[in-house]
Amino acid sequence: MLQQILHDMYIDPELLAELSDVQKHILFYKMREEQLRRWREREAWEALAQAEGLRPPKVKRASDKHIQWLLGEDGEVWVWIMGEGPGDKPYEEISEELIAEKARLQAQREAEELWRQKEAEITKKFRDALANEKARIMAEKWKVEMEDRKAAKVLEERIHEEFKRKEEEERKRGEEQIRRQEEQRARELYWTLKQAQLQSQASEKEEREWEEQLRRSKAADEERRRRAQRARDEYRRLSLRAIQKGTVAGLSFMFQELGQSHEQEARLYHHFPGPEPLLPLAVPVRTWERPLRPVSREIIVRWFKEEQLPRQAGFERNTKAIAPWFHGIISREDAEDLLENMTEGAFLVRVSEKIWGYTLSYRRQTGFKHFLVDASGDFYSFLGVDPNRHATLTDLIDFHKEEIITVSGGELLQEPCGQRDSPPDYHLLFE
């Protein structure tokens, strides 16, 4: 099944939900190794194809774009961090001053432009008014009728001074209005630039958060690699013990069933060479073509009766009694309900509906764990957790009563969880 997953680079979501965290880490590690292996094969094939002339080599176009860094006295790239140099003001103060100065200059340029327009309007207004007044005086011909030309001249000058005074007052009011508009515009520009700075700081904060998320992702990848390495180390540590206590014990039981002598069994256990070759072990003969995955409960029951019963699956060792931890085709929720009121270390084994095998449900102090047991071949082993192979299902259970299942979880099988209802949930398997 693992080979099929690595071949397709895909795993059914329902099957993935049955895997524990450690199993998922190991599966991810195996899939990543397969990706690297395929990439190396493709790179080697392309290099060979280029060497034999089957494919022209890739030519990278040269670019005339380049970057030239400014160097300091020490020959290294010159770097200045605003606000941290000798004599520098704090960054916040420098930023505030730059924003205020930029706003002031912009408002000043706008005020100068407004003042030029206002001054032209005032000059034109009073020039036209003076011309109209002179025309009115001339039209009335009062100057011609006056005997005292000097009085007329004085009156004209007084009128001219009056208009000049009014022009100055109008000019001052215009300057005051422009000044107020300049101050208001400077405040508006300051807040606009300040808002832009806050948005820029928010973008920098988002970028820092993204970098932190990337760092955590890399740390998680490193943790997955360490867990996979610990799993491989644990596998090497348990390999010898699995051979001695798991596989060999199962083979010894099969030899006893076949009527082999105690001398042959002793030679197999202690690896002594015998005078005659050992007989091949009898394997169950399949009388039907099994589909790739279970498709119905009827198919699962047939598989169990024709392939698992001859191998004494679910029975206690060397007896015809069904093991107290064995259950039928029950769901994950039903298994957790049975284990709910039990202590840590309680367990049961149920027939799986996802694979050709079983699921070991384990009671933790704060929850539950479920491990898939592959029985599609001629041995029993945990899928993705413990690659040790056991001759019988009972061997696997007895082995992990003394050896933990995973290094990270430290699961040790202690108390079996039996039946609660009558008839038992496995009665269809033995009818």
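Tutor: This is a predicted model.

Student: What makes S1 and S5 a pair of strands?

Tutor: Two strands pair if there are at least two bridges between them. S1 and S5 (residues 415-416) have two bridges, so they count as paired, in the parallel sense.

Student: How do you know that S1 and S2 pair?

Tutor: Five bridges join S1 to S2 (residues 357-363), and the cut-off is at least two, so they pair. These two strands run antiparallel. A hairpin of five residues joins S1 to S2.

Student: Which partner does leucine 360 have in S3?

Tutor: Phenylalanine 371. S2 and S3 (residues 368-374) are antiparallel and joined by seven bridges.

Student: What is the order of the strands in the open sheet?

Tutor: The order is S4-S3-S2-S1-S5, with mixed pairing.

Student: Why is one side of S4 and of S5 left without a neighbour in the sheet?

Tutor: Each stands at an edge and has a single partner strand, so one side stays without a neighbour.

Student: Which helix packs on the sheet, touching S1 and S2?

Tutor: H8 (residues 297-308), with its direction at about 100° to that of S2. Helix H9 (residues 332-339) lies across S1, S2 and S3, at about 155° to S1.

Student: Why is S1 called largely enclosed?

Tutor: Buried means under 20% relative accessible area. Six of the six residues in S1 (residues 346-351) are buried, so the rest of the structure largely encloses the strand. Both faces are covered: Ala346, Leu348 and Arg350 on one side, Phe347, Val349 and Val351 on the other.

Methods
Residues are numbered from 1 along each chain as its sequence is written. This is a predicted model: local features need pLDDT of at least 70, side-chain atom pairs count only at pLDDT 80 or more; totals for chains, interfaces and linings use all residues. Side-chain values use heavy atoms; hydrogens and water are left out. Buried means under 20% relative accessible area, exposed over 50%, partly exposed in between (1.4 Å probe, protein chains only). Helices (H or I, at least four residues) and strands (E, at least two) are DSSP runs, numbered from the N terminus. Contact means heavy atoms within 4.5 Å. Axes are lines fitted to C-alpha atoms, for helices over the stretch in contact, and angles run from 0 to 180 degrees between N-to-C directions.
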